[in-house]
Amino acid sequence: MELKLIVKNLYKYYNEKPLFENCSYTFDRSGVYVLMGPNGSGKSTFLRMCAFLENPDRGEINYFEGNKVLPKDINLMRRITLLLPEVGVFNTTVFKNVAYGLKIRGFKNNKIKEKVEEALQFVGLSHKKEQNALTLSTGETKRMGIARALVLEPEVLFLDEPTASVDWKNTEIIENIIIQLKQRLNSIIVIATHDKESARRAGDFLLYIKDGRIDTKHPEKQIL
Ligand SMILES: Nc1ncnc2c1ncn2[C@@H]1O[C@H](COP(=O)(O)OP(=O)(O)OP(=O)(O)O)[C@@H](O)[C@H]1O
Ligand SMILES: [Mg+2]
């Protein structure tokens with residue numbers, strides 16, 4: 001059954017500075033939600049809270065399956081993936097970097113190989129699989145991060161600045177990957193970005209952090 005994410009009456013402060021005040025939003029349809037807002041408005045903090053890496057000061061962040069609230073346990077965590085702006089890279093091959101999550105989940109080697117090779121092909125990095133991941137370019141590293149998330153087949157995928165410091169060509173590649181990812185995973189994908197063009201091209205729902213809340217606007221109805 002499909003997951004739903006409901007954020008309700010969320011408050012978050014840092015040193016008395018309000019980031020979120022009575023913020024509510026429901027992510028209940030698969031598709032790409034683009035979260036925009038100025039530097040420091042709380043986009044990354046919002047994604048971290050939704051991925052349970054940080055607690056809100058008040059309010060609720062719940063995942064539902066139908067009408068049932070899911071317990072915040074390892075089973076739920078495994079259905080959610082957050083890709084950070086700086087992709088953590090292990091000092092080993094691209095293949096092993098992408099395989100890591102599957103290995104710790106106990107997948108068999110032949111299954112790992114199959115999934116990793118398919119994901120690398122999907123992000124256009126098949127020819128780099130034996131290269132040390134530390135030697136990849138920024139754009140390639142971002143794509144490797146997406147492959148790493150993809151093999152886990154997350155039902156909710158958070159991407160924090162997937163195209164920051166990426167040139168136009170790689171931005172286009174990443175956008176296309178996101179559009180295909182949406183069709184393939186049929187998941188809730190939430191992207192924090194400053195890239196208005198990407199938002200317009202890849203986004204189904206445009207969200208903007210304003211006065212500590214999430215404002216909703218549909219990209220087609222809005223001039224960015
Ligand atoms: N652990 C923390 N302790 C103190 N302040 C924090 C902490 N985490 C975030 N902040 C502050 O909260 C604010 C929001 O930060 P956040 O990274 O969520 O913004 P953002 O919208 O992602 O910005 P950017 O567009 O620059 O990535 C910033 O002022 C930041 O310094
Ligand atoms: Mg950020």
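**Figure 1. Lining of the largest cavity in the predicted model.** V34, P162, T163, I174, E175, I178, I191, T193, S198, A199 and A202 line the largest cavity of this predicted model. Two or more lining residues come from each of the elements α6 (168–185) and α7 (196–202). By class, the lining comprises seven nonpolar residues, three polar residues and one charged residue; Ala, Val, Leu, Ile, Met, Phe, Trp, Tyr, Cys and Pro count as nonpolar, Asp, Glu, Lys and Arg as charged, and the others, Gly among them, as polar. The space in the largest cavity amounts to about 70 Å³, and the structure holds one cavity of 30 Å³ or more. A cavity is a set of points, on a 1 Å grid over the protein atoms alone, where a 1.4 Å probe fits but cannot get out, and lining residues have an atom within 4 Å of a point. Grid points are joined across faces, edges and corners, and the volume is the space filled by probe spheres set on the points.

Figure 2. A192 belongs to strand β8 (residues 188–192); strands (E, at least two residues) and helices (H or I, at least four) are DSSP runs numbered from the N terminus. A192 counts as buried because its relative accessibility is 0%, where buried means under 20% relative accessible area (1.4 Å probe, protein chains only). Leaving aside residues up to four places away in sequence, A192 touches L35, K43, L47, L159, D160, E161 and P162, a contact being heavy atoms within 4.5 Å. Between A192 and P162 the C-alpha to C-alpha distance is 7.9 Å, at a sequence separation of 30 residues.

**Figure 3. Residues around ligand 1.** Of the 13 residues around ligand 1, those that come nearest are G40, K43, S44, T45 and H194; a residue is included if one of its heavy atoms lies within 4 Å of the ligand. Polar side-chain atoms lie 2.8 Å from an oxygen atom of ligand 1 in N39 and 2.7 Å from an oxygen atom of ligand 1 in K43. For S44, an N or O atom of the side chain is 2.8 Å from an oxygen atom of ligand 1. Such polar contacts are pairs of N or O atoms within 3.5 Å.

**Figure 4. Helix α1.** Helix α1 (residues 43–50) is largely enclosed by the rest of the structure, because six of its eight residues are buried. The buried residues in α1 are K43, T45, F46, L47, M49 and C50. F52 follows α1 and has a positive phi, near 60°.

**Conventions.** Residues are numbered from 1 along each chain as its sequence is written, and chains are lettered from A and ligands numbered from 1 in the order in which they are written. In this predicted model, local features need pLDDT of at least 70 and side-chain atom pairs count only at pLDDT 80 or more, while totals for chains, interfaces and linings use all residues; side-chain values use heavy atoms, with hydrogens and water left out.

Note on methods. 1 Å grid on protein atoms, 1.4 Å probe; cavity = no way out; pocket = protein on both sides within 12 Å on 5 of 7 lines; lining within 4 Å. Buried < 20%, exposed > 50% of the residue type's maximum accessible area, 1.4 Å probe, protein only. Polar contact = N/O pair within 3.5 Å; in protein donor to acceptor, adjacent residues only side chain to side chain.
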